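Here are my notes for your first read of this model. Take the points in order and keep the structure open beside you.

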Amino acid sequence: RKARDPLVSFGQGCEGEPLLQDELLAESINLIRQKSPKGTINLNTNGSRPEVVARLMREGLSSIRVSVNSLIPERHQAYYQPRGWSLEDAIKSIEEVKRAGGHASINLLTLPGLTDRLEEAEALYALIGRTDLDLIQWRNMNIDPEVYLAELGLDPPEERMGVEELIVELKRRFPR
């Protein structure tokens, strides 16, 4: 109540997908909003359940950060190995937050040689255009690139933008 910029955030770390605890989250958000209508209530998630995200926004959730490794469905699938959800669900979760007037960001797990491929860049541009995404948080993916690319069924790229150039191009295309 007295903090200048109060913030509560669910889903910090590797404790699993918080959207699987939808009843507890809804109750918690509701109780927080009863005590203090101001401040940010954030959810870090895989975005697996857009219908739950919509409900949480009605309860008072104000922002979401969805973790992705790729915006190409097959690559997302290979990394996350989701059961009962998909990259499209994650994107719909972002859309639910934006539709409700909230702040939406992605936690982009970044690996040079993957993230900076031309098709990855185009998919990222498309996501921003589709959702009006507010923020990209770049996170190094600490994994052996040869093993990871092989797992995704990819060869090392012959041509790529470079992560620095990708960021420059994003700022040019989407200055906000």
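1. How much space lies in the second largest pocket? The answer is about 310 Å³. Keep in mind that this is a predicted model. The pocket has 13 lining residues. Closest to its centre are Asp 134, Ile 136, Leu 170, Phe 174 and Arg 176.

2. Next, look at what builds that lining. Strand β5 (135–140) supplies at least two residues, and so does helix α7 (163–173). By type, the lining of the second largest pocket divides into nine nonpolar residues and four charged ones. No polar residues are found there.

3. The structure holds one cavity of 30 Å³ or more. The largest cavity has a volume of about 50 Å³. Its lining consists of Asn 69, Ser 70, Leu 71, Leu 108, Thr 115, Glu 120, Leu 124 and Leu 166. Four of these lining residues are nonpolar, three are polar and one is charged.

4. Check the length of helix α4, residues 87–99.

5. Which residues of α4 are buried? They are Leu 87, Asp 89, Ala 90, Ile 91, Ser 93, Ile 94, Glu 95 and Val 97. An α-helix has 3.6 residues a turn, so residues three or four places apart point the same way.

6. Which elements do the buried residues of α4 pack against? There are helices among them: α2 (50–59), α3 (73–80) and α5 (118–131). Strands β3 (63–68) and β4 (103–110) also take part. Just after α4 comes Gly 101, with a positive phi of about 85°.

7. The structure holds 14 salt bridges. One of them joins Arg 49 and Glu 51, with the closest N and O atoms 3.6 Å apart. Arg 49 is partly exposed, at a relative accessible area of 22%.

8. Lys 98 forms a salt bridge with Asp 134, and here the closest N and O atoms are 2.8 Å apart. This pair links distant parts of the chain. Lys 98 sits in helix α4, while Asp 134 sits in the loop between α5 and β5, 36 residues apart. Are the two partners buried or partly exposed? Lys 98 is partly exposed, with a relative accessible area of 22%. Asp 134 is buried, with 19%. The cut-off for buried is under 20%, so Asp 134 qualifies at 19%.

9. Arg 160 and Asp 116 also meet through their side chains in a salt bridge, at 2.3 Å from N to O. Arg 160 lies in the loop between α6 (145–151) and α7, and Asp 116 in the loop between β4 and α5, so the pair ties together parts 44 residues apart in sequence. Arg 160 is partly exposed, with a relative accessible area of 44%. Asp 116 counts as buried, at 0% relative accessibility.

10. Finally, look for shared partners. Salt bridges join Lys 98, Asp 132, Asp 134 and Arg 176 into one network.

Terms used
Residues numbered from 1 in each chain as written. Predicted model: local features only at pLDDT ≥ 70, side-chain atom pairs only at ≥ 80, totals over all residues. Heavy atoms only, no water. 1 Å grid on protein atoms, 1.4 Å probe; cavity = no way out; pocket = protein on both sides within 12 Å on 5 of 7 lines; lining within 4 Å. Points joined across faces, edges and corners; volume = space filled by probe spheres on them. Helix = DSSP H or I, 4+ residues; strand = E, 2+ residues; numbered from the N terminus. Nonpolar A, V, L, I, M, F, W, Y, C, P; charged D, E, K, R; others polar. Buried < 20%, exposed > 50% of the residue type's maximum accessible area, 1.4 Å probe, protein only. Contact = heavy atoms within 4.5 Å. Salt bridge = Lys/Arg side-chain N within 4 Å of Asp/Glu carboxyl O.
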